[in-house]
Amino acid sequence: MTRIIEQSPIVINAGLSSFAESIESAGGTAIQLDWRPPAEGDVSTGRLLASLVADPAVDKANELAFGRYVASRPVLTGVARAGEVIPGISERTILHSGPPIAWERMCGPMQGAVVGAVIFEGWAADADSAGALAASGKIAFDACHHHGAVGPMAGVISPSMPVWIVEDAEHGGRAYSNMNEGLGKVLRFGAYSDDVIERLHWMADVLAPSVGAAVGEIGGIELKPLIAQALHMGDECHNRNTAASSLLFKQLAPALLRTRTPHDDALATLEFIAATDHFFLNISMAACKTMADAAHGVDGSSMVTALSRNGVDFGVRLSGTGDTWFIAPAPVVEGLFFPGYSAEDAAPDLGDSSITETVGLGGFSMAAAPAIVQFVGGTPADAVAYSRSMYDVTLGSNPAFTLPQLGFAPAPGGIDALRVVDTGIEPVINTGIAHRDAGVGQVGAGVTRAPLACFTQAVVALAEAAGR
Amino acid sequence: MAVEKRVLSGLYRDSVTLMKCASRVEALAGIKQAGAMMATPANLDLAREAGLLQATEGVDAGPNDLLLLVDTVDSSAAESAFQEAERILSEVPAPSEGEEAGRPAPRSIRMALDAEPASSLVLVSTPGEYAASEALKALHLGMDVMVFSDNVSLADEIALKTYAHDHGLLVMGPDCGTAIVDGIPLGFANSVRRGDIGLVGASGTGTQQVTALIDRWGAGITHAIGTGSHDLSADVAATTMLDALEVLANDPATRVLVLVSKPPSAQVAERVLAAASAARAPSVVCFLGADPADIERPGVRAAETLEDAAALAVELSTGRAPVGDTADADIAGATRAAAEELASTQRFVRGLFSGGTFGYETALLLSKRLGTVYSNTPARPEDAIADVWKSVGHTVIDLGDDVFTRGRPHPMIDFRLRIDRIAEESADPEVAVILLDVVLGYGAHADPAGQLVPAIDAARELAASEGRTLAFVASVCGTDSDPQGLSRQEQMLRDAGVLLGRSNAHATRIAADIVEAIQGGAPR
């Protein structure tokens, strides 16, 4: 029997605010919604959404997926050649960031990075023949995500490149990422000049074995505690990695010197890491990928397990809808530009690095790195507001990542596609901005949003899978 | 092109602050391009690439020095730019306001429930095409719902009510305009004394009329639950009314039950009346337009009008029937006086209503007394009016009908349509009586009488200029504790010469009395 008369009603008012005012003036309690039609006004999608909100089967699936995400324990276990460890790639595969995309559609920086990778691999001698080879169909392109990998910006990984190996010690999963080349003219922004290629070789021949030896000497580095500490030091581990890179350096340096690595190599390695503020980014991304993958594959779950872009498309994946990508045009990022550049020069959003936001870092932990929000004319209070707002689109929060500016509250984690579509609040992403032309490099940084259209499609698919 | 440099030694700022500074300097007059950086080799390279330094140009500055570069039209512009840059870099930002200033309002029902976990009811007044989805979410989240919105499909209504019934929840609506739970007004509702009468109504203004009269006659209510206008149809089968009846029948504080609706189908009526009869508390049932003989049974009294329903309920609650107002005798006199001043060519009643149920009740009562009454809520289907914008004969119009409210606020809030229509009717030489409902309470206009009186005065003037008088009759549905104040509203109307009934049924009788009494006009 209904309990409607058992208490004085506390009313949630969806619609005319005068009704809420009447309730309040009569001494009652009314919560006025800032309501707008969900799912961008599409009535039938709104209906499917409503059938899933607070549905017991969905809630149960989400509980399971979210629990796995929280329990995951990423550990940096080593370094290896991509071709030896990344599952399912051939010796003629090139992986890239974002959802799958054909060579012809790839943005400038990604094509440039592919050309650079082809030259690095020795499959072609110069840019023109590398481009011809890429267009010939003789190279297998695929999304990093399809092979347990993630890469920032162009995210190009080819078989001879060294990759970090991160293992989920709780569930046994593995994720991989390439190594950070530093800023400026680098492969991930599409540069493929001689010095870029030389650096890639040095990284494969000197850097990778050195850090691999150091990691082996340590016996594995627990990543959640390191990230947690970095969050207390001004990083959000997507666009701000200096503290995390420094903490990593503190662990690697003594270990490296204890190994048999020749002094010159050790010196060059340590100088490189010291000069590369974003060195930790790629490790952060691989760690986040293991956390997201732990939650992936739970039937009926609306939890987001990937946010990713390839400079053309923005892609979203849910735990409960398998490997389907839900795609919308990648937005152009609003932000601040380096001298000489403006929004006209910007490539649309690019990279797998939004795997960090997927698990509660980056834009979701913006409260920890207030300087980021200045990129869009904001204040530290705005940074806090961004983080707070993300609680409204997540299933919960991650107790491993606490934010001092929120009173050490755990960071919002486990994006719920249903909540995104119901509120219209798009997940926030902190990101660098690449030049739209290959080889120019980073031209700025800013804050952007994952497009609502991806989540709307995802909700429809989830409803279909649930037989609605 | 001329690039000038300025080095600020020993001044450190982070890269974001520097980029912001450069951005602001670039916006100054005469500046083509600007750069602000700590003079590290990497940053100097960036400056070279941007064309702010020559390829081999060195700078007398190191990584701990701040370097400003401007590409300008002339030196004075550069100097101003450097000074502005230094000023910007020395700014101490003000502490951000409203660090803990209220969070933005919740955007979804779930978000609101997270913020206020004790929330128990969702009131939905979104556009109709979204209302069912919002209601479904509320039910999933374990809350009762009132759907004020109309234009929700029958299939959706049935699905929502079935789910609610199966989960111990209640759906009031769709098209539910009024409810009062524990004294809290939901939608358009009056401020009504608490007492022991419980109501379930399929009509918003029907509920308002009954509750307001209960209050006028010194009794009070426990709760008034709305069911929405389609609940007693055969398809919906009174799901909400039956569930609401059950909860009030089991409520120890409710000692009298009142049910208000248009007549349901026979099968539905039987189920409802059987449930009412089985309740411990006595029931008063007003199915407007139904034959009382079909309703009367043990424990169930039939009321033909909303006023009767209130009167019977008050009698059951207090043991005494409400006495007639002392104003009754005055009304009889005023009725005669008004009729005497009307010409025999003035024959018709024009009822202009903001509450649909008032219009329907009036059409029923008038057609019994005066014959054919055209209406958009007709007593008989054959009396449906051809053009709602053009009165003919006796006409009763519900101005809250969709056709009038598309793109306009409801007539309980916005009086412009009714004001215009009063002017039109007053220009018709065959009009004798203009009959109005005036609804007070939460959600209604702050001063309905204040809106109507000027229109009434203007109408009288127009008629007078053509040698006619007009009779204005109205009832005010409200209480003294309503925001507008019943007594004050009634007095304003009386002062404007309006004859007031204490209820819509009473006002309707007055209108019929006037028409029948017009000198030289034979009652029809």
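I began with the lining of the largest cavity, whose residues I found to be eight nonpolar, four polar and two charged, where Ala, Val, Leu, Ile, Met, Phe, Trp, Tyr, Cys and Pro count as nonpolar, Asp, Glu, Lys and Arg as charged, and the others, Gly among them, as polar. I note that this is a predicted model, in which local features need pLDDT of at least 70 and side-chain atom pairs count only at pLDDT 80 or more, while totals for chains, interfaces and linings use all residues. Residues are numbered from 1 along each chain as its sequence is written, chains are lettered from A in the order in which they are written, and side-chain values use heavy atoms, without hydrogens and water.

I then looked up the volume of this largest cavity, about 140 Å³, and its 14 lining residues, of which A:Met161, A:Asn178, A:Met179, A:Glu181 and A:Leu200 lie nearest the centre. A cavity here is a set of points on a 1 Å grid over the protein atoms alone where a 1.4 Å probe fits but cannot get out, and lining residues have an atom within 4 Å of a point; points are joined across faces, edges and corners, and the volume is the space filled by probe spheres set on them.

I turned next to the second largest cavity, of about 40 Å³, whose lining has nine nonpolar residues, one polar and no charged. Among its lining residues I listed B:Cys21, B:Val25, B:Leu68 and B:Ala85. In chain B, α1 (15-26), β2 (31-38) and β3 (66-72) each supply at least two of the lining residues, helices (H or I, at least four residues) and strands (E, at least two) being DSSP runs numbered from the N terminus.

Definitions and conventions
1 Å grid on protein atoms, 1.4 Å probe; cavity = no way out; pocket = protein on both sides within 12 Å on 5 of 7 lines; lining within 4 Å.
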